[in-house]
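The reader may wish to keep the sequence and the coordinates at hand.

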Amino acid sequence: MTVHGERAVVPTATTDEAERALAEFTTAYNAADWAYDPSLDAHRVTGSLGAINQAGLKARSVTHPDGNPDHRPLELSDVRWAIPKKAGWPRWFVADADSNLDTDRGAGDNRWVLLFVREGSDRMWEAAHLAVLAPGDVPAFRRDADGWAEAAPADGASLAAAPADLSREYAAYLKTGEPKVFAAGPHTSGLRENRTRIANRPGLALQFADQALDSGPFAPVGLVTEDGGALVFFSSRFFERRTAAQGYRPKVTPAEKPLLSGDVRNTLTKEWVAGLTARVAPAGAEGDRVRVVNRMQGVTALKGS
């Protein structure tokens, strides 16, 4: 009997594979952070986390050519794995770990929830998302009798919203307030309110343009939670255009200058990438359908004109 690997529903990784992937990511992350050298972890990050990480290291390699004077090696412990069973590629799993960079008590206590993705049999495991959550905000995942997690359906068949649509719907929501899929919060209604508040400063006008970012390594994935909903990781891109009044130029900080192309005359456009983590309610649930629980964003490019 022939078993077709692209069709068989199997665990996406063994626990040993997952442990090695996390250890290799941590080693590469620490080396890159110590030297401020993006090449040292470029092979261990991808998606939104990779875009933010690589741009940040590129900039800091210029502003701090001797490396990171404040480097503190990352250590991850008390790791809890959520490895789903699924067919085909890409494959992914979640590592929920305690980092040594928090306070371990009170409001400063948190967990690092890392999504690892492998695009094919000839590819490495790479970290695509990082969500920093309070311990009580990390959901319990649905598991089968053998402890394997369940991948969330991209089409949202059992959910109140389709993971495959979240990036596009989020971009539309930030522009218009529609569709009304997202619960109020700092990463949704609060973000829209803040943009409105800062849109017209004296001598400086700000415009925002949001785009879906949902293909290749940025494709949304998720895991079914015990309540029948899902924890979904998705990405977004947006552009922030700053136009100064006649005779003035938008400011470029020293930390941003290494990512700048073009000459800044009266306009500066910043390109941002954001990695988002959301709780999606089960189908038929009343109330909020999608609650964004974490947003990590970073400037990846700037263009002057």
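D227 is partly exposed, at a relative accessibility of 47%, because the value lies between the limits of under 20% for buried and over 50% for exposed. The model in which this value was computed is a predicted one.

D227 also takes part in a salt bridge: its side chain meets that of R279, at 3.5 Å from N to O. The two residues belong to distant parts of the chain, 52 residues apart. D227 is found in the loop between β10 (221-224) and β11 (230-244), whereas R279 is in strand β13 (residues 267-280).

The salt bridges can now be considered as a group. Side chains of opposite charge can pair when their charged atoms come close. With a limit of 4 Å between a side-chain nitrogen of Lys or Arg and a carboxyl oxygen of Asp or Glu, the count comes to 15 salt bridges. Among them is the pair D78 and R111, whose side chains meet at 2.8 Å, N to O. R111, by contrast, has a relative accessibility of 5% and counts as buried.

Since D96 lies in strand β4 (residues 91-99), the pair ties together parts separated by 16 residues in sequence. Here R80 is partly exposed, with a relative accessible area of 46%, while D96 is buried at 6% relative accessibility.

Helix α3 (residues 166-176) and helix α4 (residues 189-198) pack with their axes 9 Å apart, at an angle of about 45 degrees. The two helices are therefore oblique to each other, and the crossing of α3 and α4 is right-handed. On the α3 side the contact is made by Y170, Y173, L174, K175 and T176, and on the α4 side by S189, L191, R192 and R195. By class, the residues of this contact comprise four nonpolar, two polar and three charged.

Note on methods: Residues are numbered from 1 along each chain as its sequence is written. This is a predicted model: local features need pLDDT of at least 70, side-chain atom pairs count only at pLDDT 80 or more; totals for chains, interfaces and linings use all residues. Side-chain values use heavy atoms; hydrogens and water are left out. Axes are lines fitted to C-alpha atoms, for helices over the stretch in contact, and angles run from 0 to 180 degrees between N-to-C directions. Helices (H or I, at least four residues) and strands (E, at least two) are DSSP runs, numbered from the N terminus. Angles under 35 degrees count as roughly parallel, over 145 as roughly antiparallel, 65 to 115 as roughly perpendicular and the rest as oblique. A crossing is left-handed if the near helix is turned anticlockwise from the far one by less than a right angle, and right-handed if clockwise. Contact means heavy atoms within 4.5 Å. Ala, Val, Leu, Ile, Met, Phe, Trp, Tyr, Cys and Pro count as nonpolar, Asp, Glu, Lys and Arg as charged, and the others, Gly among them, as polar. Buried means under 20% relative accessible area, exposed over 50%, partly exposed in between (1.4 Å probe, protein chains only).
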